[in-house]
Amino acid sequence: LDCGFKIFDLLDCAHELGNAGSLLAFKLERKGVPMALLKYTEQAVQTFIRQTPPTRWAEVFRGLDTIIFALEYMGREDLQMAFEQFAAECRSTQNEALMELINCVRSIYRVPLAGDHPEALSASTDIAHAILQSSPQLPRRVVWRGVSFEPSDWRRILEISAAAAQSLRQRYNVPMLPHHTQMITLLMFAVRACGARLGGTGPKRLPKTMLARVGTGEGKSLIIAMIAAFCAKRGLRAHVVNDNRVLAARDFEGNRGIFDALGLRSSCERSGLTDKACHIVYCTGHDIEQVCLESLTNGRVEEYEEGLKEAILIVDEVDGLIFDKGVVTPKTFEDREFSEWVTTWFAQLDFQGEVERDWEDFRGQGECSIRIQKEVEQAWQDFPTKQEGVDYVIRGGVPYLLDPKTNLIQETGWCLWLEALKRHRLEGSYAAKYKYIKAILCRLQCFMSYACIFGLTGSLGRASEKEYLREHYEAASFNVPFFLDTCRAAPPRQPRSVSKNSNESPRTATKESQPQAEPFEVGDRVVINIENENGVVELDRVGTRGLVGSIIDLRADTEDAVIELSDGRLLTYKQSWLAHGRFQGKKPPRMLGGMDGGFLLPSRDAQENAVVEMAVKKRKEVPVLVVVKDPETVHRVATALRQRLGLAGDEVLELVHNPSNPEEFVELVRLATEPIAAPGQDETAGGAVSSTASPYPNRSREASHEKPPLANSDVWLAVEDENVQLPDATQQQTWRVTITTAEGGRGHDYRVVDPGVDERGGLLLILTWIPWSEREWVQFLGRTGRQDHAGQFAVFLNSEDELVSKSVAARCPGESLARAILRQGEAEAGDILKGKAAEIAKGRLMHRLTSRFWALHKIDKTSKRQDWEWKRLCENYVEFTSDAIQQVFCNSVIPPRELILGFCKTNRDAPTRPGLAELLCRNCNTINLFPKPSAGGEQPTVRCGNCGEAT
């Protein structure tokens, strides 16, 4: 086909289908999932092929593991248990408003979407119709703290859920519904959105901000999209913020079909933020700041903030936006005249080693010229001392600043030594820019201008951070239970395979050959396998198969057991109908290295050598992800690994952000968990193994006479042959080692589909440092053990590190080193956050003064002296009190003018008398007459003769 589809794309498709086939075979053989899973996956593949251009086949085939996961647990969710988990989480917050809210949601969401048996949905079912018709209507409004959730709002929720399900159906051609945890979270935020224009008073005050911790891999982007859609259907605008532009665009494209189906106008452009006709906008925090800054500098701040009273801010990963970037953001602007000076002085330093001090040229500028000259000389001395990978990085031939706190690239960051470095790299051909702070943007003021703030994040932090959010953002926080913690465990089944030394099949094995069931005891958690039998029928037990309950009584004479279900019902079952069971549960990642919380090494070299040795060993079993502090360490560890392995290809990946090519980062994340072909096998398209190599060597393709359901026929053969054993992948392939910084350690999905990786512990995460913030720690651990996969991690610490040595000295008896470091970080964070109140007050004051300065700057054109005084105030305001800030602003930046009283001009068309001047009052549009100032004299401040406002 003439569509750009190449042979390597076809091999990529075969590789992805092979991954899905191996995963299916594992679940069917080892986990005993229903065969319907195979049928639905086949339907998804056929849909992809029919509806997707060939050039995107490999991309969409990569989503098969998500489909398999969703279908495996469809029908095993327990709504009652989901509400119990939510209620427990809300009780733990001791927040009365949240406890009341979850009770309101329980009265709204009474029956699962599409009925009690969603697993009965077929490929031909009109899933949107099923949701809208089978879900009971809300008979009356539900009220929470004065907020009314109307029956029409419930109808909106159903329409949004149907659109989400239909979007998934169109994409995958399999029936998939939002989870109970997603629906309950959606409803909690939806109820609050109904009161977006209400604040409440006294004990019934509504939280301005609601924050939810949603675990990694729990469908956060879908929840956000449904919340945004509800706000839009309610007449509010929704601004969805992700601090990573690539991820924001990805989430927008993934959920755009939902918005289109609901008739909502959506955008991923910054211009949508000021377009009141645009219902939903996906953007970055920088976009929000820029729009706010434009309102400040254009004198429209009141209009801007008034418009946000009809908008909701939905923040993805609130920690990065609210904590890591500080309370205020100084905004720099270039001064072209100063830039010309700086370029000239840099040239003089390059050629002569000193600045020619020609005071005749610059004496009119006074202090500012002397100050800038000193800054240029200092920058010229400093830039050779800056270290690449520590102070700056080179991407696409361009130097970028590194944030000293997070080690992330500051794409818009500026400093004078960086300008000197750019000139040096370009051998003097670069025209340096001189920028200085000309605006102070208070992020808190910017965010709190919205009607509400909704945040969903992988971690909410510890007590001091939650208290900071409660005090300054009026926030209520809660945890969303893990999806698997609300799923019933699969009923036990006999394995499909038997010992190779036995001639018995599972169908003919005798009762004596089966393992004996463990006896029951009062208090055991059990799964109900059989609810009724012929002749022993009780209507109350109908629909209880697969539920989990607790034994409260055992009757030896009748071999009955009395079970208490999660909804409080007491029902009697035959003991033979029961099996030991539990809820599926989320698997936490396993720590390597014992309970001490990490390996403590004597030096940096010893630490990095240990990391290299473990990575070399474990890459034979599983993918390895190493998180280090800075880009310099990324390169150093990657180089050591390549030397140790004797490799020079992409077996070792350096995962660092490149602002000039952001898509490169996403592609490297995908490649990070791809296997590398063993010697003798073909390696294609990211390490794909040749499709001629079967993962099941005991069977040939010709052994099956039936048409295989997937492209990789070995999957079907593995399902049919009960004696097939999964191969030892360590004999066939190795895995890549990826080295990254905190940027790659959070927010990205390192996709693992090989079931052999799970059997060997899951993706290995190696950490070379423990962050001061538990939010960051939780994010790091979230890179492994996603969904129902296994996960493992190891920590290698350098005892010479200041934070490590301090934590070792302060370690409590029995406390792990990791916990000691996190506790130290919590204490330091608490001290920092306690002092934020004064900084916030000053930030808000400077935010308002920025608006006043720019109003004058745009209208009356401030002088260079005034600009310089404003620069000094922006640089040093933190050292002043609030009163001192206002005094400096009024006396130095905008000195008071002569105040005179104007008198109203009664006839607007009459000519102005000689000696008088006119001024229009901005408040009442009255023309005021006043004595005309002398030539070159300063314009006085005129008080309007009509309304009294100073103009």
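This is a predicted model: local features need pLDDT of at least 70, side-chain atom pairs count only at pLDDT 80 or more; totals for chains, interfaces and linings use all residues.
User: Why is Cys904 not counted in a disulfide?
Analyst: A disulfide requires cysteine sulfur atoms within 2.5 Å. The nearest cysteine sulfur to that of Cys904 belongs to Cys944 and is 5.4 Å away, so Cys904 is in no disulfide. By this rule the count comes to zero disulfides.

User: What is the corresponding distance for Cys194?
Analyst: For Cys194, the nearest cysteine sulfur is that of Cys231, 8.9 Å away, and Cys194 is in no disulfide.

User: Why is Cys194 called buried, and why is Cys904 called partly exposed?
Analyst: Buried means under 20% relative accessible area, exposed over 50%, and partly exposed in between. Cys194 has 12% relative accessibility and therefore counts as buried. Cys904, at 32% relative accessibility, therefore counts as partly exposed.

User: Where is Arg786 located, and why is it assigned to its burial class?
Analyst: Arg786 lies in the loop between α26 (774-781) and β30 (791-798). Its relative accessibility is 13%, so Arg786 counts as buried. The C-alpha atoms of Arg786 and Val752 are separated by 8.8 Å, the two residues being 34 apart along the chain.

User: What makes a set of residues a nonpolar core, and which members of the largest one touch the most other members?
Analyst: The members must be buried nonpolar residues joined through side-chain atoms within 4.5 Å. The largest core has 76 residues, of which Phe149, Ile184, Met188, Ile314 and Phe454 touch the most other members. Helix α10 (residues 220-233) gives the most to this core, with 11 residues. A second, separate core has 54 residues, including Leu601, Ala672, Ile766 and Leu767.

User: Which residues are in contact with Phe149, leaving aside its neighbours within four places in sequence?
Analyst: Among them are Ile108, Leu138, Val142, Trp154, Ile157, Leu187, Cys194 and Phe230. Arg141 is also in contact with Phe149.

User: Why is helix α20 said to have its buried residues along one face?
Analyst: The buried residues of α20 (residues 463-473) are Ser464, Glu465, Tyr468, Leu469, His472 and Tyr473. Seen down the helix axis, they fall within an arc of 140°, so they line one face of α20. An α-helix has 3.6 residues a turn, so residues three or four places apart point the same way. After α20 comes Glu474, with a positive phi near 50°.

User: What makes helix α4 mostly covered?
Analyst: Nine of the 10 residues in α4 (residues 64-73) are buried. Those buried in α4 include Leu64, Asp65, Ile67, Phe69, Glu72 and Tyr73. Just after α4, Gly75 has a positive phi of about 90°.

User: How do you know that both faces of strand β6 are covered?
Analyst: In β6 (residues 280-283), Ile280 and Tyr282 are buried on one side, and Val281 and Cys283 are buried on the other. In a regular strand the side chains alternate between the two faces of the sheet.

User: Which strands pair with β6, and in what sense?
Analyst: Strand β4 (residues 237-242) pairs with β6 in the parallel sense over four bridges. Strand β5 (residues 266-267) also runs parallel to β6, joined by two bridges. Ile280 in β6 stands opposite Ala238 and opposite Ser266.

User: What makes β9 and β11 edge strands, and which helix packs on their sheet?
Analyst: The open sheet has the order β9-β10-β11, with antiparallel pairing. Each of β9 (392-395) and β11 (409-410) pairs on one side only. Strand β10 (residues 398-402) pairs with β11 over two bridges, and the bridge partner of Leu402 in β11 is Ile409. Helix α18 (residues 416-425) packs on the sheet, touching β9 and β10, and its direction makes about 160° with that of β10.

Notes. Residues are numbered from 1 along each chain as its sequence is written. Side-chain values use heavy atoms; hydrogens and water are left out. Buried means under 20% relative accessible area, exposed over 50%, partly exposed in between (1.4 Å probe, protein chains only). Contact means heavy atoms within 4.5 Å. Two strands pair if DSSP finds at least two bridges between them. The arc is that of the directions from the helix axis to the C-beta atoms. Axes are lines fitted to C-alpha atoms, for helices over the stretch in contact, and angles run from 0 to 180 degrees between N-to-C directions.
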